[in-house]
Amino acid sequence: MTKGEKKKIGRPSELADCLVKAKEYLLGDYETFGDVVPSVAGLACYLGKHKSSMYSYAEQSKEFSDTLEAIKTLQENKLINGGLTSSFNPTITKLMLSNHGYSEKQKIDHQSSDGSMSPKPTRIELVTPKE
């Protein structure tokens with residue numbers, strides 16, 4: 001220990017401990033924990049905390065916030081791949097992907113492609129009364 005360097009005393013903070021475990025969850029412990037895809041709720045269960053605590057930790061620590069974002073990104077990627085390979089339930093996959101900004105949109109074209117159903121222009125004539 002060099003002069004002026006402070007020795008850390010006491011047990012590590014709860015946040016620091018949760019950050020280490022959150023990274024372990026992200027790097028594959030979610031699968032050994034039994035989760036199919038990683039999630040913030042899954043991380044909360046893994047840590048034995050409330051889901052709201054995860055967001056509170058994210059406000060306190062940029063590193064924890066980045067880990068939560070990485071969990072969400074990995075979840076999105078796994079959902080896309082699971083949906084494409086049909087290994088995930090399509091309805092649940094669609095529902096979960098909506099949390100990542102995906103949506104199903106239908107464009108309704110009120111005109112026929114050949115224009116046969118287009119309204120015909122009408123001719124307007126001005127009639128002036130005869131005196």
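Guide: Residues are sorted by relative accessible area: buried means under 20%, exposed over 50%, and partly exposed in between, using a 1.4 Å probe and protein chains only. This is a predicted model, in which local features need pLDDT of at least 70 and side-chain atom pairs count only at pLDDT 80 or more, while totals for chains, interfaces and linings use all residues. Residues are numbered from 1 along each chain as its sequence is written, and side-chain values use heavy atoms, with hydrogens and water left out.

Visitor: What share of the protein chain is buried?

Guide: Of the 131 residues in the protein chain, 24% are buried.

Visitor: And how many helices and strands?

Guide: There are 5 helices and 0 strands, so the pattern along the sequence reads α-α-α-α-α. Helices (H or I, at least four residues) and strands (E, at least two) are DSSP runs, numbered from the N terminus.

Visitor: What about confidence in the protein chain?

Guide: The average pLDDT, the predictor's confidence in each residue from 0 to 100, is 86 for the protein chain, and 73% of the residues score at least 70. Confidence is lowest in helix α5 (residues 90-98), at a mean of 94, and highest in α2, at 97. Where pLDDT is low, the predicted coordinates should not be read in detail.

Visitor: Change of topic. Which residues of α3 are buried?

Guide: Ser-53, Met-54, Tyr-57 and Ala-58 are buried in α3. Down the axis of α3 these buried residues fall within an arc of 145°, so they line one face of the helix. That arc is taken over the directions from the helix axis to the C-beta atoms.

Visitor: What do the buried residues of α3 pack against?

Guide: They pack against α1, α2 and α4. Contact here means heavy atoms within 4.5 Å.

Visitor: Which exposed residues sit on the face turned away?

Guide: Ser-52 and Glu-59 are the exposed residues on the face of α3 turned away from its buried side.

Visitor: Now charges. How many salt bridges are there in the whole structure?

Guide: The search finds 6. A salt bridge is a side-chain nitrogen of Lys or Arg within 4 Å of a carboxyl oxygen of Asp or Glu. Side chains of opposite charge can pair when their charged atoms come close.

Visitor: Which residue does Lys-49 pair with?

Guide: Lys-49 forms a salt bridge with Glu-14, and their closest N and O atoms are 2.6 Å apart. The pair links distant parts of the chain, 35 residues apart: Lys-49 is in the loop between α2 (40-47) and α3 (51-60), and Glu-14 is in helix α1 (residues 14-33).

Visitor: How accessible is Lys-49, and how accessible is Glu-14?

Guide: Lys-49 counts as partly exposed because its relative accessibility is 28%. Glu-14 is also partly exposed, at 44%.

Visitor: Where do Lys-21 and Asp-17 lie?

Guide: Both lie in helix α1, 4 residues apart, about one turn of the helix. Lys-21 is partly exposed at 36%, and Asp-17 is partly exposed at 40%.

Visitor: And Glu-69 with Lys-72, where are they?

Guide: Those two lie in helix α4 (residues 62-84), 3 residues apart, about one turn of the helix. Glu-69 counts as partly exposed at 44% relative accessibility, and Lys-72 does so at 29%.
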